Amino acid sequence: MIEFKLPSLGADMDEGTLLEWKVGVGDTVKKGQVVAVVDTSKAAVDVECWQEGSVGELLAEVGQKMPVGTVMAKLLEPGETAETIVGTPRVLPAGRAGATAAAPPPRRMISPAARKHAQEKGVDLDKVTGSGPHGAVTLEDVEHAAAGLAPPAAVLPAADKAGEMRRAIAAAMARSKREIPHYYVAEDIPLVKALAWLQAGNAKRPMAERLLPAVLLFKAVAVALKRYPELNGYWRDGGFVPAERINLGVAISLRQGGLIAPALLNADAKPLTQLMQELTDLVRRTRAGSLRSSEMSEATITVTNLGDQGSQAVFGVIYPPQVALVGFGRVTERPWAENGELKALPMVTASLSADHRVSDGHRGALFLRELADLLQRPEDLDR
Amino acid sequence: MTRRLSYREAMREAMHEALAGDPRVFLMGEDVGRYGGTYAFSKGFLEEFGPERIRDTPLSELGFVGAGIGAALGGMRPIVEVMTVNFSLLALDQIVNSAALFRHMSGGQFSVPLVIRMTTGAGRQLAAQHSHSLEGWYAHIPGIRVLAPATVEDARGMLAPALADPDPVVIFEHAGLFNVEGELADDCKVDISSAKVRREGRDVAIITYGGSLPKALAAAETLAGESIEAEVIDLRVLRPLDTATIAAAVAKCHRVVVVDENWKSGGLAAEVVARIMEHAFFELDAPVARVCSEEVPIPYARHLEEAALPQPEKIVAAVKGLLG
């Protein structure tokens, strides 16, 4: 018996609303399969299941708002059947006849007034969807059901959605500045070699496969992080937990305002072409509101790239529980002194905001130096 | 006809009327005479009514509250002013063991027609020892009536029926209200037995009293801007509680936030919530929420004191938490 629980899809998520089940009872679920679509305060997210089994029971209802950690469904492990579960005494209290496959589901939240009203009107509460706090069935839900109307909309209208997003960002950023002692270092990096290499490479590629400078910057960050594990991971329970993989959270601004930082998974290990495809896909799906749960929750560090419309440098606010954020400003042509000569070169200012509880400015500076060096050897990054 | 005056002026008028209208009434307490009252409620009274009826007392709450009880037993109608609820703890024995119990202990032979007035509440940076809200303690005691005038009308009108009550009445005046102004009808008559609806609404009932009433009304105004119609109930009488009005508000709105400057644990709000469970459980559409003072000694620093007390923003947030 596997309990599938609503995962936290970011530090700013406390609850989510189930929009759609992608599986039904009896379906086989593979590891990584998208099983549900959940509305967080930021986006509709495809939630993946990381265990294999077949669906025994769907507990959450469409439209239901529930706190993170709520058991949404029960899966049967390979070899298990509903019957074998029933025969298992540790799950089922003895003497409970006609019970479902698992321990009794938690009592549904139905307000006293809703229960009384349902009784008076002869409304079947099992068929009423709750719209109250934590998905509780309210008087209004019963009144709607009694009148044969659709349940009150659980999904927030667009205007409220923007407000929700703002509140979610406010909560995460306020927590960050409250809890994380940030330090900041910055480095101006000449991009003349990197841009020349990209231009030469792009000339040979079809239009659809051309690489943007951003992808080279992201790859360089991911590769540099391999030698600076103290920047890649999480601060949890009073200590640093380094991440096993390098998943770059890429800050993507939304047209309606706000931003999301979904992850490019294993960015250090992927060739640039693949990374470019994934980045394009990620931006498209972020703006369309169809991200996967692993992309929402598995970023181990965030990178913000201001691009052509940005300012020269950015010093970002770390997204907890991550411990670092790398920022790139706009690429501009600037004066640069080298070997006693003054030149005008395309440059980018890279910055690092990092958690002083975990790393020190000296290491942060070395990381940026490494990043600058890597960008002078762009051909080595395409592996 | 109506006229506009402050809570302070209303209270002063009420005492003046009582002193002028009944020779048995006299005022006793710290600084009520020559100083004109710590909060200027009795300014000019000493000159007008003389030292027999406007009596400055030593700094001994135990002593002068006891003297007030004795005078009441002897047929007088004393108004005893205890400067604040914080100092009334020194007179608890007199109030709880004597004033509240004489009718019972004497088998109905004695009554104690005493009015004790005291200032309560925080919000003026007077630090922990001068910021208590302990009216809930008094509301626990059978044998006394506990009033919390929160409006100019009640400040003006509650004293007369309190003096007419044959048993002890304790009146709590929240320090944050003294400069509040309001309209007062010339023929102002109020009871000392019922709670009142101060604002009509249908989505949520905010039940409160005393210094939290203006905060609840401010919250209701904010909520109205977001199309949430909050009903505001002023308890007015903390003992005996008007359960019928509370239950009616629950039946109307189905959602309740109780706002009380007491601490939560064992506070008056807890009693209100319990009454709702007993009398209106099946009308509830959401768990009852409480906005009370944080369970800390009230801090001195302004921002911390504000953070420790119920505020309109906290009330608004609590209401929204009930609406899903």
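User: Two residues are in contact if their C-beta atoms, placed from the backbone, lie within 7 Å. With that in mind, which residues is B:V257 in contact with, leaving aside its neighbours within four places in sequence?

Analyst: Keep in mind that this is a predicted model. In it, B:V257 is in contact with B:V204, B:I206, B:A289, B:V291, B:I315, B:A318, B:V319 and B:L322, once neighbours within four places in sequence are left aside.

User: Okay, and which residues have the most contacts inside the largest nonpolar core?

Analyst: B:V257 turns up again here, together with B:L147, B:V204, B:I206, B:I207, B:I315 and B:V319. The core they belong to has 115 residues and is the largest nonpolar one.

User: Which helix gives the largest share of this core?

Analyst: That is helix α1 of chain B, residues 7–21, with seven residues. Another core lies apart from this one; it has 75 residues, including A:L18, A:V29, A:A299 and A:L381.

User: Let's zoom out to chain B. How many helices and strands are there?

Analyst: Chain B has 14 helices and 14 strands. Of its 324 residues, 52% are buried.

User: What share of the contacts in chain B join residues at least 24 apart?

Analyst: It's 78%, counting contacts between residues at least 6 apart in sequence.

User: Back to helices. At what angle do α10 and α14 of chain B cross?

Analyst: Helix α10 (residues 213–224) and helix α14 (residues 312–322) of chain B cross at roughly 55°, and their axes come within 8 Å. Angles under 35 degrees count as roughly parallel and those from 65 to 115 as roughly perpendicular, so α10(B) is oblique to α14(B). The crossing is right-handed.

User: Which residues make the contact?

Analyst: From α10(B) you have B:K215, B:A216, B:A218, B:A219, B:T222 and B:L223, and from α14(B) you have B:P312, B:I315, B:V316 and B:V319. Eight of the contact residues are nonpolar, one is polar and one is charged.

User: Nice. What about α3 and α5 of chain B, at what angle do they cross?

Analyst: Helix α3 (residues 61–73) and helix α5 (residues 92–99) of chain B cross at roughly 30°, with axes that come within 8 Å. Angles under 35 degrees count as roughly parallel, so α3(B) and α5(B) are roughly parallel to each other.

User: And which residues meet there?

Analyst: On the α3(B) side they are B:L62, B:V65, B:G66 and B:I69, which meet B:D93, B:Q94, B:I95, B:S98 and B:A99 in α5(B). They divide into five nonpolar, three polar and one charged.

User: Now between the chains: how many residues does the contact take from chain A and chain B?

Analyst: It takes ten residues from each: ten from chain B and ten from chain A. The side of chain B that touches chain A has five nonpolar, three polar and two charged residues.

User: I clicked on A:A44. Where is it found?

Analyst: A:A44 is in strand β5 of chain A, residues 44–49. It counts as partly exposed because it has 17 C-beta neighbours inside 10 Å. Leaving aside neighbours within four places in sequence, A:A44 is in contact with A:L19, A:V37, A:D39, A:G289 and A:S290.

User: How far apart are A:A44 and A:L18 in space?

Analyst: C-alpha to C-alpha, they are 9.2 Å apart, although 26 residues separate them in sequence.

User: Which residues other than glycine have a positive phi?

Analyst: A:D237 is one of them, at about 50°, and B:A127 is another, near 70°. A:D237 lies in the loop between β10 (233–236) and β11 (239–242) of chain A, while B:A127 is in the loop between β5 (115–120) and α7 (135–138) of chain B.

User: Are those two buried or exposed?

Analyst: A:D237 counts as exposed because it has 7 C-beta neighbours inside 10 Å. B:A127 has 14 other C-beta atoms within 10 Å, so it is partly exposed.

Definitions and conventions. Residues numbered from 1 in each chain as written. Chains lettered and ligands numbered in written order. Predicted model: local features only at pLDDT ≥ 70, side-chain atom pairs only at ≥ 80, totals over all residues. Axes fitted to C-alpha atoms, helices over the stretch in contact; angles between N-to-C directions. Helix = DSSP H or I, 4+ residues; strand = E, 2+ residues; numbered from the N terminus. Parallel < 35°, antiparallel > 145°, perpendicular 65-115°, else oblique. Left-handed = near helix turned anticlockwise from the far one by under 90°. Nonpolar A, V, L, I, M, F, W, Y, C, P; charged D, E, K, R; others polar. Core = buried A, V, L, I, M, F, W, Y, C linked by C-beta atoms within 7 Å. Buried ≥ 20, exposed ≤ 12 C-beta atoms within 10 Å, placed from the backbone.
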